[in-house]
Amino acid sequence: MTKCLIVQAMHEDALDLLRQGGIEPVICPDPAPGTVLSLIGDCTAVITRDAGLSGAAMRAAPGLRVVVAHGAGHDAIDKETATGQGILVCNTPGANARSVMELAFGLAIAAARLIPAGDRDERAGRPGFRERHRTVELSGKVALIVGWGTIGAGFGRMLRDALGMEVIVHSPRARDLQGFAPVPDLASGLARADLISLHTPMRPETRGLMGRAAFAACKPGAILVNTARAGLVDEEALAEALAEGRIVAAGLDVYSATAPQGPLSRFDQVIFTPHLGGSTEEALIRVGTGSVRNVLTALSGVRPATTVNDPAGWGA
C-alpha cells in the first residue's frame, strides 16, 4: 500500500481522507530527525508542519514523490534537495487564514490593554495595576500591515471595519492593495503607525526586518504584533525598544525557542502565545484536508496549484 509519513499531528478528518484515498498514514511518534529517518524509507509522500523535512530524510526515501507543508510556511523543508531528487514540494496557504487573523486581532487588543499582565496581577493579589500601567484604545488610530497576503489583507480589513483604524500597507510585492494606502518605504510607515502587524513571508531580505534601525524609526508608543515568522524580529532590538518605551507592548505568536525565558520575559507588556495562529479546530480540519488533497493530486500525476518548486522530470 502507498504510504504517507505524517511528521506531526494532523486532524483525524484528514487522516480518514488519506485512508479513503487508499494511502496508509504512517504516524511519527515525534518529529525528531532520527524518528523521521527510521520511518520514511518506504513512503511515497510526506506531510509535515513546522518541523519541515531534511535533505537526509529525502535521500533515505527513494520512492518519495511529494512533500506537503501543512500550512503556508515551507521554510523548514529542504527544497533544494527536493528539487534535485525530483520531489515535488507544495504548501496549503490560506486555509488557516481566518484563525490567524482572529488571533492577531486578539493579540492587538490584549497588548493595548495589557490583559494577560492584569490577569497575572489579580491572581497574585497585587493591587494598583491600573495606576502602574498605561493602556490605550486602538479605535481610530493608524495600523501598518507589513505583508499584504491573504492574512495581512484580511486583518487590515478587520481593523478598518471593527475599529475604524486607518490602515496603511508596506508590501512591495503586492499587486492589489484593494484601495488601502501604500507607504513609500517601511521607515515612513513605522513613523506613522500606532499598531504594527507583521504578515510577510521569511525571505533573505525580510530576516531581521524589525531590527534596531526599524525600531528607531517607529512612532514612540507603538504596539507590535507578529503572527508570521520569528526571524522577522530581532528580539534583542525589540527588548531595547521596549526598555526605551519606543514599543510599549508586543503580542508574539512566533519567536525563538528561548524568548519566553530570555530578555523579553522581563516585560509584562510582552505576550507570548504558543504558535496558536492556525491551531483552531476549524483551521486544522481545513489545512489537514487541504494537505491530503495535495498529496492525492500529486500522486495522481498532477502538480498541485500550490507547488513551490520545479523538479526536473517530475511526473515522468
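Figure 1. At 70% relative accessibility, Arg123 is classed as exposed; the cut-offs are under 20% relative accessible area for buried, over 50% for exposed and in between for partly exposed, with a 1.4 Å probe and protein chains only. Asp119, at 35%, counts as partly exposed. Their side chains form a salt bridge of 2.8 Å, N to O, the term being used for a side-chain nitrogen of Lys or Arg within 4 Å of a carboxyl oxygen of Asp or Glu. Both residues sit in helix H6 (residues 115–124), four residues apart, about one turn of the helix. Helices (H or I, at least four residues) and strands (E, at least two) are DSSP runs, numbered from the N terminus.

A word on what you are looking at: this is a predicted model, in which local features need pLDDT of at least 70 and side-chain atom pairs count only at pLDDT 80 or more, while totals for chains, interfaces and linings use all residues. Residues are numbered from 1 along each chain as its sequence is written, and side-chain values use heavy atoms, with hydrogens and water left out.

Figure 2. Arg120 belongs to helix H6, whereas Asp268 is in the loop between strand S11 (247–252) and strand S12 (270–272), so the pair links parts of the chain 148 residues apart. Arg120 is partly exposed at 37% relative accessibility, and Asp268 is partly exposed with a relative accessible area of 34%.

Figure 3. Glu12, Asp16 and Arg19 are joined in a network of salt bridges. Within it, the side chains of Arg19 and Asp16 meet at 3.0 Å, N to O. These two lie three residues apart in helix H1 (residues 12–20), about one turn of the helix. Arg19 is partly exposed at 41% relative accessibility, as is Asp16 at 31%. Across the whole structure, the search finds 16 salt bridges.

**Figure 4. The open sheet S2-S1-S3-S4-S5.** Five strands pair in parallel in this order; two strands pair if DSSP finds at least two bridges between them. Strand S2 (23–27) and strand S5 (88–90) are the edges, each pairing on one side only. From one strand to the next, the twist averages 20 degrees. Look inside the sheet for S3 (residues 45–48) and S4 (residues 66–69), which run parallel and are joined by four bridges. Val46 stands opposite Val67 in S4.

**Figure 5. The second largest pocket.** This pocket holds about 160 Å³ of space; on a 1 Å grid over the protein atoms alone, a pocket is an open set of points with protein on both sides within 12 Å along at least five of seven lines, a cavity is a set where a 1.4 Å probe fits but cannot get out, and lining residues have an atom within 4 Å of a point. Grid points are joined across faces, edges and corners, and a volume is the space filled by probe spheres set on the points. Among the lining residues are His133, Arg134, Ile223 and Gln269. Helix H5 (97–113) and S11 are the elements giving two or more residues to the lining.

**Figure 6. The largest cavity.** The search finds one cavity of 30 Å³ or more, and the largest cavity contains about 40 Å³ of space. Its lining includes Asn226, Glu235, Leu252 and Tyr255.

Notes: Axes fitted to C-alpha atoms, helices over the stretch in contact; angles between N-to-C directions.
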